[in-house]
Amino acid sequence: MDSWLYVILAFLVLDRVWPLVETLLQGFIQANSSRLKDLMRQRGDLILAQKEISAQDEYAKWTKNNRALDKINKQIEEEKKALLAQVDGTKATLKKFKLAAITVPFTFLKFYKGKMPIYELPKGIFPNYLQGLMQHGWIYVPLGPLNLKKVSEGATVTVSLGIWLFALLKVVSTLNQMWNAFTSPAVPAPAVSTPAVPAVPAETETETSVSHPVDQPVD
């Protein structure tokens, strides 16, 4: 197998696992915030102390602890906002790094080595148009009908790297969608409420069912 194929597959794997890298880095930043951990510990101590203080007997101490608890809660919210800003900045840096180190080289290699043959298939399995597409790549779409690109002679037809990658990415995307469909929580159907039908009084039913004779004029 060509060494270029290993390089392209490595870029493909990096491109697919990159969201996982961002998620792990975000969790690492949040888990290693020493200030947030210290504030959470202080809040826990104050909550325990507040439970042991009677608001009636030690009102001054209870009020002091309550103010300190409110202050720490505000500091925790500010620290969380600062962490989110830090995570967003890290994501922006990682996005630029991915663009320069993975996306651009991967896209260049797909075009530069797009016609590189991967393997061969016997002729006749697919229509001639698809065989030309597999061999020459997407350039066969406009040039094939003009006879500017033709399927090579022989008993086999080669499959180019560009078409092979396209098929592989389609399979990976389909498997990912199936996995998300099976693992995502089911959304309950909304309850349909039917309006209550008002009960008809018995007198009304009797009047409706009994028809009174109509007086006819006498000649």
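Mentor: Helices (H or I, at least four residues) and strands (E, at least two) are DSSP runs, numbered from the N terminus. This is a predicted model, in which local features need pLDDT of at least 70 and side-chain atom pairs count only at pLDDT 80 or more, while totals for chains, interfaces and linings use all residues. Residues are numbered from 1 along each chain as its sequence is written, and side-chain values use heavy atoms, with hydrogens and water left out.

Trainee: How many helices and strands does the protein have?

Mentor: There are seven helices and two strands. From the N terminus on, their order is α-α-α-β-α-α-β-α-α.

Trainee: Which residues does the annotation "coiled-coil region" cover?

Mentor: UniProt positions are given in the numbering used here, feature names are shortened, and annotations may be inferred rather than shown by experiment. In this case, an unreviewed UniProt entry places the "coiled-coil region" at residues 59-93. That span is 100% helix and 0% strand, and its end C-alpha atoms lie 51 Å apart.

Trainee: Is Asn 65 buried or exposed?

Mentor: Buried means under 20% relative accessible area, exposed over 50%, and partly exposed in between (1.4 Å probe, protein chains only). Asn 65, found in helix 3, has 13% relative accessibility and therefore counts as buried. Contact means heavy atoms within 4.5 Å. Not counting residues up to four places away in sequence, Asn 65 touches Leu 46, Ala 49, Gln 50 and Ile 53. Of the 219 residues of the protein, 20% count as buried.

Trainee: Which residues touch the most other members of the largest nonpolar core?

Mentor: A nonpolar core is a set of buried Ala, Val, Leu, Ile, Met, Phe, Trp, Tyr and Cys residues joined through side-chain atoms within 4.5 Å. The largest one here has 18 residues, and Leu 5, Ile 8, Phe 11, Phe 106, Leu 161, Trp 164 and Leu 165 touch the most other members. Two or more residues come from each of helix 1 (3-31), helix 3 (59-112), helix 4 (128-136) and helix 6 (161-183). Helix 1 gives the most, with five residues.

Trainee: What does Leu 5 contact beyond its neighbours within four places in sequence?

Mentor: Leu 5 is in contact with Met 116, Ile 118, Leu 161 and Trp 164, once those neighbours are left aside. A second, separate core of nine residues includes Leu 36, Leu 39, Leu 83 and Val 87.
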